[in-house]
Each structure stands twice: as C-alpha cells, then as structure tokens.
Amino acid sequence: MTLPKQVLQALAGIVGSQSIRVSRTALETYASDGLPTHHRRPGAVVLPDGRDQVVRIVEVLAHHGVPFVARGAGTGLSGGALAGPDAVVIVLTRLNRIIAIDPSNRHATVEPGVVNVHLSEAAAPHGLHYAPDPSSQTVCTIGGNVAENAGGPHCLKYGVTSNHILELEVVLPNGEVATLGSRGGEPWGPDLVGLFVGSEGMFGIATRITVRLTPIPRQIQTLLADFSSVRAAGEAVSSIIASGLLPSALEMLDRACVAAVEASIYAAGYPTDAEAVLLVDVDGRDAGAVQAEAHDVETILREHGARTVRMATEESQRARLWQGRKKAFGALGRISPDLIVQDAVVPRSALPDVLERIADIAATYRVKVSNVFHAGDGNLHPNINFDRRNRDEFRRVEAASAAIMSACIDAGGSITGEHGVGIDKLRYMPLMFDGDTLAAMRATRRAFDPEELSNPGKVVPVHACREWSAARSLRRAEVVA
Amino acid sequence: MQQLARGEINPGDTHLAHHLNRCLGCRACESACPSGVVYGPALEEARSVLVKKHPLSLLARVVLAVMADPRLRRPLLTLSRMVRPLARFGAGKSAIGFQMGMLAATHMIPNTGEHWANDATGSGGRLRRDHHEPRLADGPRARRGDAAVFRGCIMEGLFGHVNAATQRTLRANGFTISAVPSQGCCGALHAHAGLNEQMKQLARRNVLAFSRVPDAIIVVNSAGCGATMKDYGHLLAGEDLASEAKRFAARVKDVSEVLAAAGPRIGAPLEMTVAVDPACHLQHAQGVVEAPQAVLAAVPRLQCRSPADASHCCGSAGVYSLVQPKLSRQVLARKLENLDAIAADVIVTGNPGCIMQLGAGMLARGQQRPVLHPIELLDLSYRRAGYYAQ
C-alpha cells in the first residue's frame, strides 16, 4: 500500500468504514473496466454518498497531492477508469438520484451515478427520453457517459452525449465547486460544457448533470436486411447516407456476431446464414411519412443485393430486434473468455474497403475478429475474441489491434468514436496529433488541473519527446511568470 | 471466483467471503446474461470452498441441521405451528419481531376480514380452514397422468395447507397423486450456504425415494426446492446414482408449470386484485416466467398485476434473511414499496421463503395484506366452484 496512512484515515472519516475499500481482494473488483487487457489495482476505493462527500474527499486528496480517478459502472472500454496503487478511485454509483424532471422545459437534473436507461424510464411518462443510448445503457451511468462523450445507435440522428448536456456542476481537482453551462440555454463565453464532456475525467468530477430530454418518436419502423457479402452491406450503408435520407439508426452485424447473438437468450431472429445484417430505424411524427422513408431505404437495400428485408413496427418485435444488437458484445462472451471491443471511425464511403482490410488483418495475425457497429456513423467496432492465458495469442491480438487502428487512420479516420482514449489508445495519439496539438491539449488540462491529479496518465501521452519538451517549456514559462 | 478457482486468492480471505456471502444468489444475472454464464452453481461451488474457512453462524447451522433431519424438524415445526397463532402479536420490526412475523406469515389465508369483504362470491369474507381432505365433486377430468407431490421441509411443516391445495388442484385437473413416503428436505438451503456434502446426501435420499414412482411427474410448489431438484443431475454427476438423478431432474416441474401445461380448469370467480411477485428461483433459476399468471388466468375476474422491478429479489434468498438481516431488510424495503404501488388485496409468490419474508415485512409495517402461494387462490376458486365435495 503506497497511500499514506493519514490519507486513508481521513477518507474513512469522510465516507465511513463501510464505504472504503483497501484490501487486495476488494480492490481487485476495480482493477479492470470493460476492457480486459489492462489490469491495475488502485491504492484505495471510496464510495461517497453525495456531492458533499465528494468535495471533502477531493479536498483531502488535493491537500496530500494524491491522484484520483472517478468511476461509474466500470463499463468503459479504454481503461479510462483504472488507477494505480498511488491513486484513489472515487466510485459514484451511490450518487444515483434523479433530482428533477422538468417536462415543460424538457430537461432533467441527475446525479452522475444514475443509470442511463433509468433516466429514460423516468422520463417516459412525460413522452420524453434521454436520446443517447449506448449498448451498455442498462448498466452504464450518465456520469460515465459525460466523461466519455458516449454515443449509441440512435446518435446518428439525435447526436452524441455532448449535444444533450446543458449544465454541469463539477468538483474541480482542488475541491472547488463550479457550474458550467446553463440549463436555460447558451451562456456567454467559451463552451465549457463542450470542453468538459468527453474530457475523460481529466478536468474534475461532475456531481450534478442537467440533460436535455427529447420527445419519444411517435412512429418508428425497424428494417432488418441481410446480405451475402460484407462489402455489399457496406455499400448499401454508403448509399443510404449519400441519398440524403436520415435514418435514426443504421447498424451492422457480421456473421460471427449474428451467430453469437442467436445462440444467446437475446436471440432476435437474425438470419444466421447471412454474411452481414443491417438494422435500420426510421422514425418521425407521421405514419405515412415514416412509411415512405422506410420504403426508400428498402429500395436502396434491395438495389445493393439485400436477400430479404423485414419490417417491424410493433414495439415488442422492434425491441427484440434491438435487444439482439445491444447485447451483441455480451453474447460474444460465449466464444472465448476475453474480448476486446475496438472503436474507430472511418469516412462512411470507406466502410467497404476498411472492412475488407480488417478481415485481411485478422487472417494475417490469425485472430478471431467480428464486427458489430454504428455503420451510419462510420463508427466501427471490430471485436477480437481471445484467451488471455494464451500468451502468444494475446500478442497477436495486440498487434492486430494496432494494425486495425493504422488502417483506419490511413483511410482518413480516427482512433476512437465513442469509447475514449483512456490508457489503451495513448499509444495511437501521436499517430493522429502532432506534438504542438498534444501540448495544447495538455495545457488545457493544466488550466483545470495544474497538479494533474485528476485521472493522471490518461488521454494525452506524456512520453512523446516533442510533447515532453513542449510541456517543459510551458512549465518554465509558468515559473518565469 | 475465477481467481479463487485458479488458486490466486486464498479461500481464507475475509474480504472475498464478505462479498460473496452478501450475494443474494437470486440469479437475476442469469436471466440477463448474453453469454449464458450459469452463475448460481458457480456461487455455490465458491461458497463450498469458503465455508471450510469461514464457518456459518450458529443460527444458520441450527436451521440447516433441523431441516435436514426429520427427527428434529417434525417436533420443532409442530411446536412452531402451535405458537403460530400468537406469532402475529409478536410481529414487529426488531430481529425477533421479524422472525415472529415470518412465522405468522406461514398461516393459511388469514381471516382478517377486511380485504376479503368485497368478495363478490359472498362467502362472508372470511375464509375458514378446511380440515378434511375433500373428494372431487364432479369426478376427475380427462386423466392427465401420475403426479408425486414433493412435500419439502418447511412446506410440510409450516405450509401444509399449500401442499394440500397443490394436491387438490392437481386432482381437480385430472392428475392421480402418488404418495412417496421416504422423501425429505431437498438440500437447497444447504447448497446456497455451501454445504455440498449435506446437500448431496439429501439429494440421494430423494432420488431413491422417487425412483419408486418412475412415471410420475415430481410436482414442486417451492421455487427454491424446484431449482435445486432440477439440478440434481449435475450435482450427483459421477456418482452411482448419476443416471437415476438425471431422470429425476427431468421429471421435476413446478406446480404452475404442470397446471399451465395442462390448461387449468376454470374455477369460480374471485373479485380481487392480486400482486404477482415472481420468485427468483422460479423466474431466474428455472426460467419459469409465464406459468404462474397462466394458472391464475383460470380464475375469472381475478386482476393480476406485476410490481415494478418484478425481476428483483425480496431479500429472502434461503437463509440470507437470517445471516444477513440488515441487507436483507434493505432489499425487502424496496420490494415492499413497489408492491405498495399496486393497491392489491393480496400478494402471491411461489416460494415459502418469499411468503415469509414479504409477510413479515407487511406485519412489521402494521399492514394486514395477506401473502399467499398462487395455488391457494386457485384452490379457493375451485372450492367456490364446488369442485370439492364437502
């Protein structure tokens, strides 16, 4: 244990002995998130019961210069919520109150530990919902969604988390409480909410979040199309986007994913002999208009060789089709003990080529890659199934991951769409950004967190030489100033 | 648990035991798991390793020992039955008060009156105990086959009226009941607590006992027992009795499954609202979800409602309510809130532990709403219909 005893005593004094974890076994629970390839045991874990305890915890840690990491449900997929033995994990799942729902102004104020789907359930009686719907929405928390700027299938039409956050109450890394943004509309000055959302815990801890609520679409039609090649499905996606149609969701699953889903309790009736299936939602207010749009989508799908196109309007049928998609990552657990869910974005026109390139990479490194992803956004999720205990396979998996990332960047894409950089993608950041850009990112972070105590060692690599020197000169400048 | 199995965590680790012992074992995770992880048996396996280093509390050991041995169980439960009419007055919020409430809750349909007064069938709102085993009034329907009712330990000792109702309703639906005298406790509570050896002994006894009626369906009215008995095939794998145990497991059915499959005979109407709280070991462990409501659909005018969070546990969870009383009560409080939201005349759930837990919770809050086994309502409906000659 490398944390000073007086820090642990002070923390126990704040949260009570029931809500602090220091034993090796208890800390093991917090040593990984949804990505099994990283493992770090924190020095301690605290589970505060409200904003005031969070403030007091952060004050104590700031006073002693102890780094900390905020954590929600731990479903992140980039190792963002991990902390080393010198740091404290602050778990926010007990801050789970929905403080207010304001249907006439269409917003809700929640604590960060509220589970994404619980918010939508609470808003449903008002005909409203919280639009960003990550696949982990039955478990993941709004706080984590804010930190990662989470997406989801329906973000194609409705936008990602940052489009839905109005106001944030945040505990800054020195324990000060600040309010960013405004629930009433756009505040003057810089867009601090935009800066905070997706900052992966580097700027502080959000303790109260006001989100925009969106009307539940009155009419929704779901289409399920299956293709005998991945390329054809990819081309159908590109065509739909190019046609100017705007489905509310446009998802693809390949053969391996379909097989895993259909073997699970979430079997959705996807055709198991297809090379790829597309799941498309079209929504709107008017039944006729929605039907007309669905018809247009169907025409494009058939033009690109869809073998069958099934339509579902009834809620239970739609729910079943969507459950299959949303539980696909979990269902892949049937194939092997470990799974990497990768995340990258490519221009939608490049989808067919990139998918073929990924298949080549899988063959080269002899790894099991399957794809289930937000095709309409060009947001890929190549999944790699493996067994960590097989060292050789693990090395090939890591190499294949890196090759996939390079392929996406080469196609003009980015290394993450919605899962964040965390620790897993630090190594790819220099492929995307030059030293000056990284230095600017670091300088921004230090404006919020001069001591770099809040989620240290994540997102911005500190080992790139140019970045180091830039940071050093920055520090010198500070000393001079 | 993975690290325990691989020897990376020492079974003596108190923190591991602390957290694993706080798991309800409600197996709701299994109903949600896309990967199909069978968590319940894995938890029991882990607990069987832990229990060697972390002995159970005295109270839990006494309860489990009593249930396993009919020579201890019968006199003690008879004594409990004698005290039971008084238990209601001792029921309350304290630890003892809660246990008194649990005992009081095992009583058959209570004659508190108020909730039953609106009953359209007009039997005066009071439901009296039926001492003699009734004959079928209009003769059995088409023969459905043989059924052997598993009597259980708690079910036999404190819920004899539910066992009797089970037999009556099965007969009324055309089943022939075979008696199986040498059966005993199923061992579910022992398995949940990690006492594998005791559980296996009990399992062997039941497999042998029921092998005498090889063609009968083994009908269980306790969800917890049913879940464990359906697993006997795995539990006794590799033993002499393995193949017999497999056949036994395949014959085990919850009473609601049996009646739902038979298409239950329609009874007399009961004008009341029922909150149907599904037992975890029925909905999650056995995957029986629709059957209880299908059985109650045979009672005209009965309004069935599901509480919010119906998939959540009530905190009973075997001996959990005894070994983790504080957490168990917290889990219960949430369940009661959701049940309160339904203005039900009666609550039904298909497991004795849940009946006791919910009943005690109601009594602790001064509420008189009865908590029953669903089969008791069907039985009442059949009696009103005159299917049983007095």
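This is a predicted model: local features need pLDDT of at least 70, side-chain atom pairs count only at pLDDT 80 or more; totals for chains, interfaces and linings use all residues.
**Entry 1, chain A, helices 13 and 14.** I looked up who touches whom here.

Then I checked the geometry. Helix 13 covers residues 351-365 of chain A and helix 14 covers residues 391-410, and their axes come within 10 Å, crossing at roughly 155 degrees. Angles over 145 degrees count as roughly antiparallel, so that is what I wrote down for helices 13 and 14 of chain A. The crossing of helix 13 past helix 14 in chain A is right-handed.

The axes of helix 6 (residues 70-90) and helix 7 (residues 95-104) of chain B come within 8 Å and cross at roughly 120 degrees. That makes the two helices of chain B oblique to each other. I logged the crossing of helix 6 past helix 7 in chain B as left-handed. Helix 6 of chain B brings B:S80, B:V83, B:R84, B:A87, B:R88 and B:G90 to the contact, and helix 7 brings B:G97, B:M100, B:L103 and B:A104. By class I have 5 nonpolar, 3 polar and 2 charged residues for this contact of helices 6 and 7 of chain B.

**Entry 3, chain A with chain B.** I got 8 residues from chain B and 11 residues from chain A in the contact. On the chain B side touching chain A, 4 are nonpolar, 3 polar and 1 charged.

Definitions and conventions:
Residues are numbered from 1 along each chain as its sequence is written. Chains are lettered from A and ligands numbered from 1 in the order in which they are written. Axes are lines fitted to C-alpha atoms, for helices over the stretch in contact, and angles run from 0 to 180 degrees between N-to-C directions. Helices (H or I, at least four residues) and strands (E, at least two) are DSSP runs, numbered from the N terminus. Angles under 35 degrees count as roughly parallel, over 145 as roughly antiparallel, 65 to 115 as roughly perpendicular and the rest as oblique. A crossing is left-handed if the near helix is turned anticlockwise from the far one by less than a right angle, and right-handed if clockwise. Two residues are in contact if their C-beta atoms, placed from the backbone, lie within 7 Å. Ala, Val, Leu, Ile, Met, Phe, Trp, Tyr, Cys and Pro count as nonpolar, Asp, Glu, Lys and Arg as charged, and the others, Gly among them, as polar.
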